[in-house]
Amino acid sequence: MLTELGKKLAERWATLLVLPGALYLGTAAAARTLGHRRALDVERLVEQISSWAGAPAATQTGKQMVLVAGVLLGSAAAGLAAQALGSVVERISLAAAWRSWPAPFHQVAEWRIRVRRRRWEDAHGAYHRLRDLAENEGSASAEATRQRLAAYRARVRIALEAPNRPTWSGDRAHAATVRLARDRRLHLPTVWPHLWLFMPETARLEITEARQALSRACALGGWAVLYSLLAFWWWPAALLGAAIAATSWHRVRSCVDTDSLLRETAADLYAADLARHLGIDVTGPLSAEAGDELTQHLHTEPEPPGSPSD
């Protein structure tokens, strides 16, 4: 069992750190060799690689081992740096703590929320006007349906619920909490740790995989930052960084959507069973009253001032 665990850890280490890091080191070496003036000179790069291959460090066994060890350590260091930057990308993308951001980032986030909220309210109003018109007139034509769907998609492109964070991903993660609080009076941050331990292993695995996919997508954003830094020496690196950043942006949005949907679905499926397990009288799906009772049951508060303590 320990042997298998060691193999899996080694595979994970190689996949997440060493291989991407080695590719980055190779790109950095090409950037250093070619520079801006000869950025696309393949012959120059081939000549330099041949020169390196004939150097004593590449032909003597002892020096080869040192060289390989250095490359592995450098690759791992680059991978760790990308993951650290990925954590920053995740914090910015989800923006859960934007109110504590220092100036001027706090003001920029506040401005973004105001702009996005105005756009969302306009789209929300347009969608409901079309829906109410269809209900009042009994319009079920293909054109009316198309207009309603277009208005709905325009609203969703901004946010599922009224914007509360400066980014789409942040609002998508927050939307699960908003919906459960509104529809079931369930405070997800309070209930989630208990729900996580209660739900079956298959559900936890699905959510864990979605969360790991989000971490990988954010780490890709970290690689975009590292590749963009090479543009100071080699301008094609800017194109690489932009392409990786666009891929990371798309994957982060997709992964946040999946993760949030799974969390909301898990609460819908298992919160009622959790309430019954804790002795709360629930028949059928979780009602708003039962959701409020479950939240109050799991919520803890410090003792009021002046209360006797142990």
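Author: Happy to. Helices (H or I, at least four residues) and strands (E, at least two) are DSSP runs, numbered from the N terminus. By that rule the chain has eleven helices and zero strands. This is a predicted model, in which local features need pLDDT of at least 70 and side-chain atom pairs count only at pLDDT 80 or more, while totals for chains, interfaces and linings use all residues. Residues are numbered from 1 along each chain as its sequence is written, and side-chain values use heavy atoms, with hydrogens and water left out.

Let's turn to helix 6, which covers residues 142–158. Its 17 residues reach 25 Å from the first C-alpha to the last, close to the 24 Å expected at 1.5 Å a residue. That expected span is 1.5 Å times one less than the number of residues.

Which residues of helix 6 are buried? They are Ala 144, Ala 151, Arg 155 and Ile 158. These four lie on the same side of helix 6, because they cover an arc of only 60° around the axis. The arc is that of the directions from the helix axis to the C-beta atoms. Buried means under 20% relative accessible area, exposed over 50%, and partly exposed in between (1.4 Å probe, protein chains only). On the face turned away from the buried side, helix 6 carries the exposed residues Ala 142 and Arg 157.

What covers the buried residues of helix 6? The cover includes helix 5 (105–137) and helix 7 (168–184). Contact here means heavy atoms within 4.5 Å.

Ser 260 counts as buried because its relative accessibility is 3%. Leaving aside residues up to four places away in sequence, Ser 260 touches Arg 172, Ala 173 and Ala 176.

Stepping back to the whole chain, buried residues make up 34% of its 310 residues. Among contacts between residues at least 6 apart in sequence, 67% join residues at least 24 apart.
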